[in-house]
Amino acid sequence: LLKQVEKNTGICGVLVDSKNRDRTLSMVRGAAAELDPKWLEKSSVSCLVNEASMVYITSFVLTSQPRIAAAEALAKSALRNSTSRTRLCLNLSSAGLLWRVKDSLLQLLPECSFLFGNCGELRAFAALMGWTAIAATASESDLDQLELIKRLAAMLKPGGMAVITAGAEPTMVATGDGYAQC
């Protein structure tokens, strides 16, 4: 869809702790750093966006312009011009970058059908939102983590679902109507 002759593709290195299964990422964006909203204006791209059943955006893309504008334009274009079956999916991506992408996330969450993240990202987002009383104890209590995921799911579009992984522990799922389970 987007060919960048001058730039190499992106590279992502992942380190995973074998005991607690925590992971860290290191990446070089490469051609992905060149993502621009003008790309969406190409008929070969816009027709695919209009036919898409899902549009998946990671928070990594929301860290700098012109990629922020491209991701927001992609979401708006897909949701506006496509059939009603198109779903916007977001990934919180990294607890350490959420403070940088908070404004963009808050713009996209009300249109989001599926939100993905992990417990660390959930706690970091909760702290950013001022849910600190719960976020402080969430690492110790499944009940508190379920309360956080319910609050997060309530920010999604009606029928939206938040999915939070917990390493080797059960994955948590919540919907905007308050349903949550581990």
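## Surface and overall make-up

Accessible areas here come from the Shrake-Rupley method with a 1.4 Å probe, and for residues only the protein chains shown count as cover. On that basis the protein exposes about 10100 Å², of which carbon and sulfur atoms supply 53%. This is a predicted model, in which local features need pLDDT of at least 70 and side-chain atom pairs count only at pLDDT 80 or more, while totals for chains, interfaces and linings use all residues. Residues are numbered from 1 along each chain as its sequence is written, and side-chain values use heavy atoms, with hydrogens and water left out.

A residue is called buried under 20% relative accessible area, exposed over 50%, and partly exposed in between (1.4 Å probe, protein chains only). Of the 182 residues of the protein, 37% are buried. Contact means heavy atoms within 4.5 Å; among contacts with a separation of 6 or more, 58% are between residues 24 or more positions apart.

## Secondary structure and strand pairing

Helices (H or I, at least four residues) and strands (E, at least two) are DSSP runs numbered from the N terminus. The protein has six helices and eight strands, in the order β-β-α-β-α-β-α-β-α-α-α-β-β-β from the N terminus on.

Two strands pair if DSSP finds at least two bridges between them. S5 (residues 112–118) runs parallel to S6 (residues 161–166), with five bridges between them; glycine 117 has isoleucine 164 in S6 as its bridge partner. S6 also pairs with S7 (residues 169–175), here in the antiparallel sense and over five bridges. Alanine 166 stands opposite glutamate 169 in S7. S6 and S7 form a hairpin with two residues between them, and glycine 167 in the turn has a positive phi of about 60°.

Strand S1 (residues 11–16) contains leucine 15, which is exposed at 61% relative accessibility. Leucine 15 and serine 26 are eleven residues apart in sequence, with their C-alpha atoms 8.5 Å apart in space.

## Helix H3

In helix H3 (residues 98–108), the buried residues are Leu98, Val101, Ser104, Leu105 and Leu108. They cover an arc of only 125° around the axis, so they lie on the same side of H3; the arc is that of the directions from the helix axis to the C-beta atoms. An α-helix has 3.6 residues a turn, so residues three or four places apart point the same way. The face of H3 turned away from the buried side carries the exposed residues Trp99, Asp103 and Gln107.

## Aromatic pairs

Rings of Phe, Tyr and Trp (its six-membered ring) pair if their centres lie within 6.5 Å; planes under 30 degrees apart count as stacked, over 60 as edge-to-face and the rest as tilted. The structure holds two such aromatic pairs. The tyrosine 56 and phenylalanine 116 rings have centres 6.4 Å apart and planes at 45°, so this pair is tilted. The pair links distant parts of the chain, with tyrosine 56 in strand S3 (residues 54–58) and phenylalanine 116 in S5, 60 residues apart. Tyrosine 56 is partly exposed at 46% relative accessibility, as is phenylalanine 116 at 28%.

The pair of phenylalanine 125 and tryptophan 131 is edge-to-face, at 6.0 Å centre to centre and 75° between the planes. Phenylalanine 125 is buried at 1% relative accessibility, and tryptophan 131 is buried at 12%.

## Cysteines

A disulfide is a pair of cysteine sulfur atoms within 2.5 Å, and by this rule the count is zero. For cysteine 89, the nearest cysteine sulfur is that of cysteine 112, 6.6 Å away. Cysteine 89 is buried, with a relative accessible area of 3%. Cysteine 119 is buried at 10% relative accessibility.
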